[in-house]
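Dear colleague,

Here is the structure I promised to pass on to you. Please have a look at it first, and then read my notes below.

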2 protein chains.
Amino acid sequence: MSTRLERELFRLLGARDVMRADSRGAQVYLADATESRGMQGRADAIVLPETPGQVAKVVAYAQTHDVPITTRGGGTGFAGGAVPDGGILLATERLGGVPKIDPERWLAEVPAATTTADLRRRAREEGLYYPPDPGAQEQSLIGGNIATNAGGPHTFKYGVTGRWVASLDIVLASGEQLTVGHEVKKDVSGYDLKSLLVGSEGTLGIITGARMHLIPAPEVQLPILARYPDTASGVAAIARVLTCAAIPAALEFLDAPTTDSDFTVLIDAEGGAEELKEALADGASSIEAPTDRHAINQLWRWRDGVSLQVTARHGGKVSEDITVPVTRLAEAIESTVEIGKRHGLEACSWGHAGDGNMHSTFMLDRNDEAQLHAAEDAAEELFAMALELGGSISGEHGIGLVKRAAAAQALDGQVQKLNRQIKDLLDPKGLLNPGKKLP
Amino acid sequence: MSTRLERELFRLLGARDVMRADSRGAQVYLADATESRGMQGRADAIVLPETPGQVAKVVAYAQTHDVPITTRGGGTGFAGGAVPDGGILLATERLGGVPKIDPERWLAEVPAATTTADLRRRAREEGLYYPPDPGAQEQSLIGGNIATNAGGPHTFKYGVTGRWVASLDIVLASGEQLTVGHEVKKDVSGYDLKSLLVGSEGTLGIITGARMHLIPAPEVQLPILARYPDTASGVAAIARVLTCAAIPAALEFLDAPTTDSDFTVLIDAEGGAEELKEALADGASSIEAPTDRHAINQLWRWRDGVSLQVTARHGGKVSEDITVPVTRLAEAIESTVEIGKRHGLEACSWGHAGDGNMHSTFMLDRNDEAQLHAAEDAAEELFAMALELGGSISGEHGIGLVKRAAAAQALDGQVQKLNRQIKDLLDPKGLLNPGKKLP
């Protein structure tokens, strides 16, 4: 039996764009990557609009009838930002189409449901480059990347998703559609509204499409992988790389518990490869610099797969994305393992060393309630450690559902007040992704 | 005789931080670069606070007594954003001190009154680089650069001021002091409040200090200057440069009326100099590539001096900063000259070709009322042309006082409404730089 809400949405959108919340296929829309820590949401209805106009209709309906809306992109988030707690789950995955590239203007017109990898591939076909490469780029959608301000290895040199946004098509809480930002590279004709939407996790408006900036593809990107006997020598190498004039495109690390072997530094050199190799050399037990396309692809596939491999170890994990000053990286890496130990959990970290942004992770069996609780406690200690070191509780995952308590600790009271005022201004009824992002 | 307002501010700040608005030295604080088009403001009092705490005191006083506050940085703006119309003129020039560089973290702690050039020099001393280089960098202050989101030649590759802001110390309309943003490179723990302040032209809060990101100084920057017999061949060369994988740091143009000689393209190569020279070659009447430090400095001093040289031609100018799609650059350059002709004014343009951001300029005698009026009319036509080509009315100068009518044309009604709501939220009494930025 469909609910009254489902029937009304059915009338609004048509049969094929509404999915019964109790149907077999619905489960996938009620969870994101926090499934690995046992999280599952619930919704009263699931809609899969195919056009921005349909999104606007649903939002206007929700506004009139006081129904909360949780927006979901590729469902690859680690903070539960897309996990609904009742109301409408709006999946953007049908807001698709082929991204259109304007090679002369270095510009892409991108529907919200374009996967990150598809945008990167389309750009490459035109000799252009879209740098952000978050971990699950074959699944993650540009709309979600923007809504979380996603990062990835190559954002070390090139900056996170928000830096590449020219303009956004959005649906406001009222159901109004508008475009914020401008497709030219420089525009100061109004306040920077688009940046307010970037990283807002569906709490200020719904992103239905975007114009993204691109750049000419770099002529060369050559990975160099160096292994070290311990954290101290690996982190020292990272510090030396940071003093090179040749900035690598990526500067990653994986600690020994992550690789189950050596502390590893992985960089992507766009020039100055010799200088960078030299910077990595001291204390390294091995250095590899594959030049063969196949080997290079394999290396990055291995790097992208780390998160899943770590999950597979015990069947689940709690993985956070703290950021610390690069000068405190070694401390944060060692503290992660120690915090895990105190809670009886195997811990590891890897991530974007150059940004001080690390995926501190506690491995667990997701069916073991005691371990799940221990991991949540460990995560709280992790956030406290990041703040103590002068860092942030989230570099790229966002606050979502799981980090609201930590955000209350991290953000100054006045800043929290301003955040709340912005939220109240753009979503007076609090219907857009309620219970997320704000402490 | 000092006014009551002056006496109260005197009591609040002390004698040396308040300047009589009718004193001889006051005039300089009542105008900015729009003086070249005959603009001069007026104030009831001028304050020159030395600490963020003093700024907060003045703002809290103004809030209680309903006194408008216009904030002024280096006074190099072209949009009249710092030209007061009564109330308090708050000059930030004493919020100084030496910028502190943290070389390991690629971070600078910068008081608002640091000049752009000083920050660039201090960074260089530590082997680091602060890319934005707006025209008047020896006079312009970082606080003003942030408040206008200033650009410059090297922001073609590196992005405008806002991209380099880590966190901002601000004083809100209420007089509250707070810090928005974070000094780590990645942080998504709240909404992007700092970007809301960037480019807000003193209408949402007052910037008293900042943490700015830096990067390692590029090993080499070699300018290449190419001259062309006409606009078409120069713009064709620009298009060829845009297809090179070697992205130059700067990609500038100066049209023939600007140089009083040839259409000129100036790039700054950080690599791939041969490839870039080749891209510039076709149709060029000459190519110069100085490698001597002295010659290089001279070349950039010449480029930086263009704006003043053009002013000197007839004693005044109306110079706007429209942005058009790079594919429409030739049309915009030619239209500028034609619009000038129709209004009996000599016109020229130069600027940031790679960003499609041009300084379209009408030369005039600033004492000639008829010419001033003609130039204002010409500027309106210029804005209409930019919008017609799919561009923006301001790439870097901002809206200030002089472009409010154009902004009303440029911005969609819903976007204007959102801008106004943001303003009302952060400055409910409308006392911060009233009559600026918003249409």
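The notes below describe how the two chains meet.

This is a predicted model, in which local features need pLDDT of at least 70 and side-chain atom pairs count only at pLDDT 80 or more, while totals for chains, interfaces and linings use all residues. Residues are numbered from 1 along each chain as its sequence is written, chains are lettered from A and ligands numbered from 1 in the order in which they are written, and side-chain values use heavy atoms, with hydrogens and water left out.

In chain B, 76 residues are in contact (heavy atoms within 4.5 Å) with 76 residues of chain A. The buried area, meaning the accessible area (1.4 Å probe) that two parts lose on being put together, summed over both, is about 6000 Å² between chain B and chain A, and carbon and sulfur atoms give 63% of it. On the side of chain B, the most area is lost to chain A by B:Lys186, B:Val188 and B:Tyr191, which together make up 16% of what that side buries.

The rule finds eight salt bridges across this interface of chain B and chain A, a salt bridge being a side-chain nitrogen of Lys or Arg within 4 Å of a carboxyl oxygen of Asp or Glu. B:Lys186 forms a salt bridge with A:Glu396, where the closest N and O atoms are 2.8 Å apart.

Best wishes
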